[in-house]
Amino acid sequence: MEVGLTLGLENRKGTLKLSLEDCGCYVKASWLYQGLVDAFDEKIGSAVENAITKKLKDGILKLDSYLQALPKEVPVDDHASLNVTFVDNPVLSNSSIGFDINGLFTTSENFLLPYHLKNLQPSVLCPDQSKMLGILLDEAVFR
C-alpha cells in the first residue's frame, strides 16, 4: 500500500492553519493476496483507499483544531502575559519546522499601574516584529 499526502501550513492572524491539499492511496497486496485484489480490484481497492483517505482527512482536521486551540497568551504571573501568537509563516525543512512568535509581554487587564507611570510615553519603540523581545526601562525606574 502506498499513501501520499500534501499538507499546507500557514499563519492566519496569529494561529496556524493546517490544510490537506492532496491525498492519495494505492493498494497493492503481497503475492499471496494479489490475485484476490486483482479479481475484486474495484471493490476491495476502492473500499480500502476510501477508508484510509477518510481517516487521514479526519486526523488532519483534528490536528488543525488542536492548532487553532493553542493559546494566544501565556500568563507569566498575576500582572503580565507573554504574547505567543505566530508571526510569519512557518519555515519548513526536511527535518524540522520553525516558528516565530510575537514574544511581547503585556500587562493584565486587572493590574493597576501606579498613577505616576500611567501617562509615560515609551522612549524606545520596537516597530520591527523580527525582534522577539524588547526591554524598556523608563527614567522613572531610576528615580
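Colleague: Which residues line the largest cavity?

Modeller: The general idea of a cavity comes before the case. On a 1 Å grid over the protein atoms alone, a cavity is a set of points where a 1.4 Å probe fits but cannot get out, and lining residues have an atom within 4 Å of a point. Here the lining consists of Gly14, Thr15, Leu16, Leu67, Leu70, Pro71, Lys72, Val84, Thr85 and Phe86. Please note that this is a predicted model, in which local features need pLDDT of at least 70 and side-chain atom pairs count only at pLDDT 80 or more, while totals for chains, interfaces and linings use all residues. Residues are numbered from 1 along each chain as its sequence is written, and side-chain values use heavy atoms, with hydrogens and water left out.

Colleague: What volume does the largest cavity have, and how is a volume defined?

Modeller: Grid points are joined across faces, edges and corners, and the volume is the space filled by probe spheres set on the points. The largest cavity has a volume of about 40 Å³. The structure holds one cavity of 30 Å³ or more.

Colleague: Which strand pairs with β1, and in what sense?

Modeller: Strands of a sheet pair through backbone hydrogen bonds, either parallel or antiparallel. Two strands count as paired if DSSP finds at least two bridges between them. In this model β1 pairs with strand β2 (residues 15-26) in the antiparallel sense, over eleven bridges. One of the partners to look at is Tyr26 in β2, which is bridged to Glu2.

Colleague: Where is Lys13, and what is its phi?

Modeller: Lys13 is found in the loop between β1 and β2. Its phi is positive, about 55°, although Lys13 is not a glycine. The hairpin of β1 and β2 has two residues between the strands.

Colleague: Is Lys13 buried or exposed?

Modeller: Buried means under 20% relative accessible area, exposed over 50%, and partly exposed in between, with a 1.4 Å probe and protein chains only. Lys13 is exposed, with a relative accessible area of 81%. Tyr26, which lies in strand β2, is partly exposed at 46% relative accessibility. Over the protein, buried residues make up 17% of the 143 residues.

Colleague: How does strand β5 pair with strand β6?

Modeller: Strand β5 (residues 86-92) and strand β6 (residues 97-101) are antiparallel, with four bridges between them. A hairpin of four residues joins β5 to β6. Phe86, one of the residues lining the largest cavity, has Ile101 as its bridge partner in β6. Asp88, also found in strand β5, has a positive phi near 65° in a residue other than glycine. Asp88 is exposed, with a relative accessible area of 55%.

Colleague: What is the order of the strands in the open sheet?

Modeller: Three strands form the open sheet, in the order β3-β4-β7, with antiparallel pairing. Its edge strands are β3 (73-75) and β7 (105-107), each of which pairs on one side only. Strand β4 (residues 80-83) is joined to β7 by three bridges, and Ala80 has Thr107 in β7 as its bridge partner.

Colleague: With which side chain does the side chain of Asn83 make a polar contact?

Modeller: A polar contact is a pair of N or O atoms within 3.5 Å; within protein, one must be able to donate a hydrogen and the other to accept it, and residues adjacent in sequence count only if both atoms are side-chain atoms. The side chain of Asn83 makes such a contact with the side chain of Thr85, at 2.8 Å. Asn83 lies in strand β4 and is buried, with a relative accessible area of 17%. Thr85 is among the residues that line the largest cavity.

Definitions and conventions. On a 1 Å grid over the protein atoms alone, a cavity is a set of points where a 1.4 Å probe fits but cannot get out, and a pocket is an open set with protein on both sides within 12 Å along at least five of seven lines; lining residues have an atom within 4 Å of a point.
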